[in-house]
Amino acid sequence: MESSDEDRVSVHSGSKTPVVVKETLGMVKSLRSSIRKAAAKSPLSPANKGPKSKDNRDPTCPPPSPNPSVGSLSPLKNMSFFQRKDNVESPSPKNKGMPRSSTDPNFGTNSLLQRGAQIRRSWFGTKKERKDLTVPDSEGLQEEEKGVKPCEEEVEEGEEELEEEMEEVYTLPELPHTPLSVMQINKLIENEVFEEAYVNLLALRLEFQSEVSECGADAPITLAKKEKDLNLLYSELKGKVCTIVRDSNSVPARNKKLLEFVSRIIQEEERRAADPGALPGSWMDFWRSAVRDGVRAKVERVQLESRDQNIAWLAMHLGFLGKTVVSDLEGVRRELRWSYPPSFRVFSEYVRSYNAVLGRHVKRLETQTTEVKDIHALLNWVINRYKSESVMGHVSLQADMREETAELELEPGFIPQLKDKYCNKVKEDVRAALDNITKLEHSDFWRDRKEPEATDEGVLISDMHMDIWTLVKGVVTQSRALEPELGHRVSCSCLQELGQFPKRFDSEFRQKCDLLRPQRLWTQYHITYINSFSTLLEHMEGYRQACPSEVESLSKEIKGFTVRLLQDLQDQFKDHVKIPLRRMMTRKWLSNDEDFKVLCQRTDELSAHCSVMKEPHSQDLASALHLHVTREYLGQLMKNDYSCKNRKHEKAANKIRAQWGELQELFRHMESSHEWLYPIGGALCDIIGQKHASEIKNHLWPIVLHCPDFSRKHLVAVLWFRGLVRGREYRQILQNLSALKKDAPIADKKRLLFSEMQVTVNTDCFTNLPFSCLSFFIPQS
């Protein structure tokens, strides 16, 4: 008895260097060698699964010093208790069990220890252990003499049996005839001594069922109390089981051996689910719920900062979350699943739990996302990353993931709602970005009256088209990376929002720049935005195949905007040349070139503007104003402002020919598309400059050929300007025109010149004749 006490004192010593009593050394060595031999053969041994038990080290290594109090007992501190063999001849197991039973004088120490060893062999021993239940002490002594080497051999042997599974079938140990008291069983449950607690709980349950069957309906109050106690014990056991299972993926080393008992208890309770007195509900469902609670707790511990703390809060959280999932599932397949029978399918249950828990976690994260980058990060994680090699498709999990699903359990319609939220937020951000571009143009150019810069090609253009194109392209590219269909939706959304931008920009531009001075700067801004929006439309044409209606709508808006800008430039030019053109074909004009010089100066400025404008707008502007100048210049002949008398028509014709040539050269330099206008001035000069009126009728065909809309009233006006208003030649000229008009080609609506001119001269030649002359035209009766 003394040696037994001394041995127990040495084990409970708090010193890191144990004091080994000489009389008990042989007994301790015998105990350790027998434990080591049995543990080496068991797949449940810590040497075989996870960290080695400190009780298996050689005597030179300091053993653990468990707290002698009952409340401090844990699976790690009592590992030697779970690993012992049923060697009743050795005093050590008795001594090892004393700290657990010393707190309650009613506990039978020897019987409990022997009973625990028998339960372990019945439930958890491998086939190899059941064939060889005894280990000679001499082998243990030989291993003890080798020092540290047996520890290394144990690690190697444990690694070979690392993946040995628990057996599916087990044998329930014989239940005690007289169970422990409720307090004793409760104390065992509290201390997680499940091997003794559960068999006594089953014995108590059978005892209660027997008593109930004997008493029938007239059960005494004592049975009601016993039923209550039984329910409380089961609730306590269930709570302990829940805690162990829930924390098993967080601290697997602590709960490793306990999980083995837990799994057998769950199996037994499932088998007895239909028996009287069983708790309602499936224990397997309860286990699955505990697994899910453990997964949920682990997910909630993943670092999650606020937006104020970190701008990339969600991306970082999702990254940590993926690493946590991979690390946890690696631990499950490497260690945790070997503490359960195969039917539990532990890895599959953890995968399903993560799918469910993360599905709800993602829903909570969605409520916190307010920015495009965060919604994008969440969508990418849900659609792509979760099932990619970053998380569920990780290479270390592939062997066990082949039959598992890697899809998050999300609410119906969650992903479509998240996509809608993403598209709407993209539209809002694109609209805000476009408005900021307008503000940037104001701050960089309009406010400070800064001149736009020309590109290497010599055209004026703003960087805004590149900013917009980069913006849209970036958003669409990111969306396509998430999902092609989402990329298509986003591109259409961006183009829809972009289609409303030209009108807003036009309104802001006119508000800020309509009264802009100097006028040259106003013109440069117009040309700059004509070029910029035209280039932007060229970029957006790349989306026509994907979003034809949106691109077409955008094209109409941009073209409408550029047409308005071009019209502004035309109106500006027309306003500048209005007065000089009005003074053409007058008495002053015949002797003064000042007005024509102004006209040429404005036209030359127009040519300079067209040179910094992109095609085809520069040609369109030049062509439109070419037609306008031609119509206004020749239109002065139709206004009856001046008549060339005293043979001044030759001088007038020469001047018109010279000025016409100079103007046409300017428009030819601007590459006007109205080439059909070039010969018209010369044809009219031939009519005006003829020395003899009789020769005029021979020069009518060129003007009729080039301008089919040249009519009798226009010819009368030209003849009036020449000074020819009546006479035989006059009538012959008009008759000849009528004959030529019959053979003239059909007027092209795109080549209408004279029909748009206002004729103010009196075209009725008969009003100037006396009444007696009219009889010449009246046919005889």
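This is a predicted model: local features need pLDDT of at least 70, side-chain atom pairs count only at pLDDT 80 or more; totals for chains, interfaces and linings use all residues.
Residues are numbered from 1 along each chain as its sequence is written, and side-chain values use heavy atoms, with hydrogens and water left out.

Back to the rings. One aromatic cluster is formed by Trp-446, Phe-501, Phe-505, Phe-509, Tyr-529, Phe-533 and Phe-561.

Which charged ends sit over rings? Lys-238 has its charged end over the ring of Phe-286, 4.8 Å from the centre. Arg-668 does this with Tyr-678, at 4.1 Å from the ring centre. The rule here is that NZ of Lys or CZ of Arg is within 6 Å of the ring centre and within 35 degrees of the ring normal.

Now the overall picture. The chain comes to 31 helices and 0 strands, taken as DSSP runs numbered from the N terminus (helices H or I, at least four residues; strands E, at least two). Of its 781 residues, 48% are buried; buried is under 20% relative accessible area, exposed is over 50%, and partly exposed is in between, with a 1.4 Å probe and protein chains only. Among contacts with a separation of 6 or more, 79% are between residues 24 or more positions apart, a contact being heavy atoms within 4.5 Å.

Next, the backbone. Where is the cis peptide bond that involves Pro-616? It joins Glu-615 and Pro-616, with omega about 0°, and Pro-616 is in the loop between α25 (594-611) and α26 (617-635).

Arg-345, with phi about 45°, lies in the loop between α14 (313-334) and α15 (346-366). Asn-640, with phi near 60°, is in the loop between α26 and α27 (649-669). Arg-345 counts as partly exposed because its relative accessibility is 43%, and Asn-640 counts as partly exposed because its value is 29%.

Last stop: is His-465 buried or exposed? His-465 has 9% relative accessibility, so it counts as buried. This histidine is in helix α19 (residues 464-482). Leaving aside residues up to four places away in sequence, His-465 touches Ser-532, Thr-535, Leu-536 and His-539.

How values were computed. Rings of Phe, Tyr and Trp (its six-membered ring) pair if their centres lie within 6.5 Å; planes under 30 degrees apart count as stacked, over 60 as edge-to-face and the rest as tilted.
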